[in-house]
Amino acid sequence: LLPILSYPDPRLRTIAKPVKEVTAEIKTLISDMIETMYDAQGIGLAASQVDRHIQLIVMDLSEDKNAPRVFINPKVTPLVEEKQPYEEGCLSVPDVYDKVERPKKVRIEALDENGDVIDEVVEGLLAVCIQHEMDHLNGVIFVDYLSRLKQTRARDKVRKVLKIREKQGAQ
Ligand SMILES: O=C(O)C[C@@H](Cc1ccccc1)[C@H](O)SCc1ccccc1
Ligand SMILES: [Zn+2]
């Protein structure tokens, strides 16, 4: 399992670089990220969150958690002005959930783990998730869209959750 960086760690603000070649090392990182995502009960995970600053996202929206998807060098283009609210969470901001509005329908252009082209128009949770993950690759965290007060509360909440986890870990 890979350690997930927690807000407000400044490393989460690093801009991810494009992947030049899908090497064996990157394939290992992909499977480690998928395993880490499942363990953390996430439906998406960006490489930035595990302190690897390359343009790589893994995702699995399936019920049985057996359909992982990989997006390399993704580009997301909003297709409509209309925005849709969604109660978002983030593995880097544990136990904090709040409403974020994002474009309802987007186009995803990327490469998959075999270097094959992905070019899809998506809506719903997949559209929310890919935009949330793309933000991570650009050093943006969903709490950045919330009020200052909510950002302060989020920082305090994460500090508390991490203390509890440390205590649990130590036992
Ligand atoms: O990037 C992450 O931190 C994983 C995110 C992905 C996500 C955020 C908002 C909306 C959809 C996906 C989540 O922690 S995964 C946990 C989760 C699952 C279902 C709905 C919301 C959050
Ligand atoms: Zn996140």
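I looked up the pockets, and the largest pocket is the space taken by ligand 1. I note that the model is a predicted one.

Next I asked which elements give two or more residues to the shell around ligand 1. They are strand E4 (83-88) and helix H2 (124-137). H2 provides the largest share of this shell, with six residues.

I then went through the residues around ligand 1, of which there are 16. Those that come nearest are Ile43, Gly44, Gln49, Leu91 and Glu133. By kind, I have seven nonpolar, seven polar and two charged residues in the shell.

I turned to the polar contacts of ligand 1. For Leu91 I found a backbone N or O atom 2.7 Å from an oxygen atom of the ligand. In His132, an N or O atom of the side chain is 3.1 Å from a ligand oxygen. For His136 I noted 3.4 Å between a polar side-chain atom and an oxygen atom of ligand 1. I also looked up the cover: on its own ligand 1 has 470 Å² of accessible area, and the protein covers 87% of that.

Last, I checked the zinc ion, ligand 2. Which atoms coordinate the zinc ion? I found SG of Cys90, NE2 of His132 and NE2 of His136, at 2.0 to 2.3 Å. Along the chain, these donors have the spacing C-x41-H-x3-H. Cys90 is in the loop between E4 and strand E5 (98-103) and His132 is in helix H2, so this pair ties together parts 42 residues apart in sequence.

Conventions. Residues numbered from 1 in each chain as written. Chains lettered and ligands numbered in written order. Predicted model: local features only at pLDDT ≥ 70, side-chain atom pairs only at ≥ 80, totals over all residues. Heavy atoms only, no water. Near = heavy atom within 4 Å. Polar contact = N/O pair within 3.5 Å; in protein donor to acceptor, adjacent residues only side chain to side chain. Areas by Shrake-Rupley, 256 points an atom, 1.4 Å probe, with all protein chains shown as cover. 1 Å grid on protein atoms, 1.4 Å probe; cavity = no way out; pocket = protein on both sides within 12 Å on 5 of 7 lines; lining within 4 Å. Sits in = over half its atoms within 2 Å of the grid points. Helix = DSSP H or I, 4+ residues; strand = E, 2+ residues; numbered from the N terminus. Nonpolar A, V, L, I, M, F, W, Y, C, P; charged D, E, K, R; others polar. Donors = N, O, S within 2.8 Å, 3.2 Å for Na, K, Ca; no water.
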